[in-house]
Amino acid sequence: MKINQSEISDFNQKVVKDHKENFDFLANKLTNKGKDVNSIVDKLAAFQIAIPSWALGAGGTRFGRFSFYGEPTNLEQKIEDIGILHSLTQTAGAVSLHIPWDIPSDYAAIKEKATALNIKFDAVNSNTFQDQQGAAESYKYGSLSNTSKAVREQAIQHNLDVIKIGDKLGSKALTVWLADGSCFPGQNNFQTAFQNTQDSLIDIYKGLPDDWKLLVEYKPYEPNFYSTVIQDWGASLMLANGCGDKAYTLVDLGHHLPNSNIEQIVSILQLKGKLGGFHFNDSKYGDDDVTVGSIKPYALFLIFNELVYGMENNPQNPDLAWMIDASHNVKDPLEDLIQSLEAIQEAYAKALLIDQKALRTAQLENDVVKCQEILQGAYRTDVRPLLEKARVNAGGVISPIDAYRSLGVREQLIKERGKHTVATGL
Ligand SMILES: [Mn+2]
């Protein structure tokens, strides 16, 4: 299914009056405060977030999985779903493929489909956390860190294969997330596991095309519960530095121990020019992968404050690969993704409202109260009319969730694909 431009303008027609009133009110207020509203709206419209190919179906836990009906059953349909998200929001202009779940059968056809929907191929993701059917070696006790050379070689070759697949589609980065670690004390020699991982990553790095990046993701625990080989940003940064200039750290919001100061992590990585990618989600307890901004929206705003500062002041840091890395157990996956996209844009817009000059002055004067007033003043602003304006300017809808429902998207997908379809993924 494809949403056409006339459906979008018909929908917008019904709500445009409200939108205009709200936008004019806010734009006026912000202009009086010296803000360049058009430039903020342009920045929002330019901000594109990749949708991972495994997020278009219902997710599950180890206790079970409940289908959401009308799920995409192949890569073509997944790209179509992202096309729906993108035509409504105009902020989901990229897909991040997971290999081997989503290996294209016809590269030219997939590229053509994505191009027609204005979707780019962002970072490709390898998978050495599961055994694949018919594989000679098992990853039960690790992949790139395994004590067996044969296992490490199989895992390295898989990553090199993923690079080749991504290269054919126009991707420019490989994301490596390892489940490697140990479940019990004494199970692993930490130094051997780390050194094996470094050596394996160097072999993968050697296969990277010149204009590619290697993104090294970290996570403190799960599925291993005693230790993880790449457990934090420090381990990731050491490994990236051990590979070379094209290797970077990737921060996933859910991959920290409770109460970690993630904004400080992204800030210092940008200072060092080593933040390569960012995965959005939210959490209450661990790597819960729930809707972005649904639990800790203020923390997301503080992170965006640092990201915006880095984007504006750290030319040594490359453009980031942005991706939503969430799982939808009880919501319609597309509605959940729309909510996440909205939350990301909202945090970004609020961060763009921070008066950086006034903040700097207050910091230099040690006016702690003023510093907090500046941050919270921006945070408390209802920026949704700016998001609406950015979407409308780009050809999207004023309110994506309402449009999605009034267009009966899920009902149509069920009609086209059938009720009990299941998307590949976890
Ligand atoms: Mn992730």
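Guide: A helix axis is a line fitted to C-alpha atoms over the stretch in contact, and angles run from 0 to 180 degrees between N-to-C directions. This is a predicted model, in which local features need pLDDT of at least 70, side-chain atom pairs count only at pLDDT 80 or more, and totals for chains, interfaces and linings use all residues. Residues are numbered from 1 along each chain as its sequence is written.

Visitor: At what angle do helix H5 and helix H6 cross?

Guide: Helices (H or I, at least four residues) and strands (E, at least two) are DSSP runs numbered from the N terminus. Helix H5 covers residues 149–169 and helix H6 residues 190–206; their axes cross at roughly 35° and come within 9 Å.

Visitor: Which residues of H5 and H6 meet?

Guide: Contact requires C-beta atoms, placed from the backbone, within 7 Å. From H5 come Arg 152, Ala 155, Ile 156, Asn 159 and Leu 160, and from H6 come Asn 196, Ser 200, Asp 203 and Ile 204. This contact has 4 nonpolar, 3 polar and 2 charged residues. Here Ala, Val, Leu, Ile, Met, Phe, Trp, Tyr, Cys and Pro count as nonpolar, Asp, Glu, Lys and Arg as charged, and the others, Gly among them, as polar.

Visitor: How far apart are the axes of H3 and H10?

Guide: The axes of H3 (residues 75–89) and H10 (residues 333–353) are 11 Å apart, at an angle of about 40°. H3 is therefore oblique to H10; angles under 35 degrees are roughly parallel, over 145 roughly antiparallel, 65 to 115 roughly perpendicular, and the rest oblique. H3 contributes Asp 81, Ile 84, Leu 85, Leu 88 and Thr 89, while H10 contributes Leu 334, Leu 337, Ile 338 and Leu 341. By class, the contact of H3 with H10 holds 7 nonpolar, 1 polar and 1 charged residue.

Visitor: Where does Leu 117 lie, and which residues does Leu 117 contact beyond four places in sequence?

Guide: Leu 117 sits in the loop between helix H4 (107–116) and strand E5 (120–121). Its contacts, apart from neighbours within four places in sequence, are Ile 79, Gly 83 and His 86.

Visitor: How many helices and strands does the chain have?

Guide: The chain has 15 helices and 13 strands. Its C-alpha trace spans about 65 × 60 × 40 Å along the principal axes.

Key: Two residues are in contact if their C-beta atoms, placed from the backbone, lie within 7 Å.
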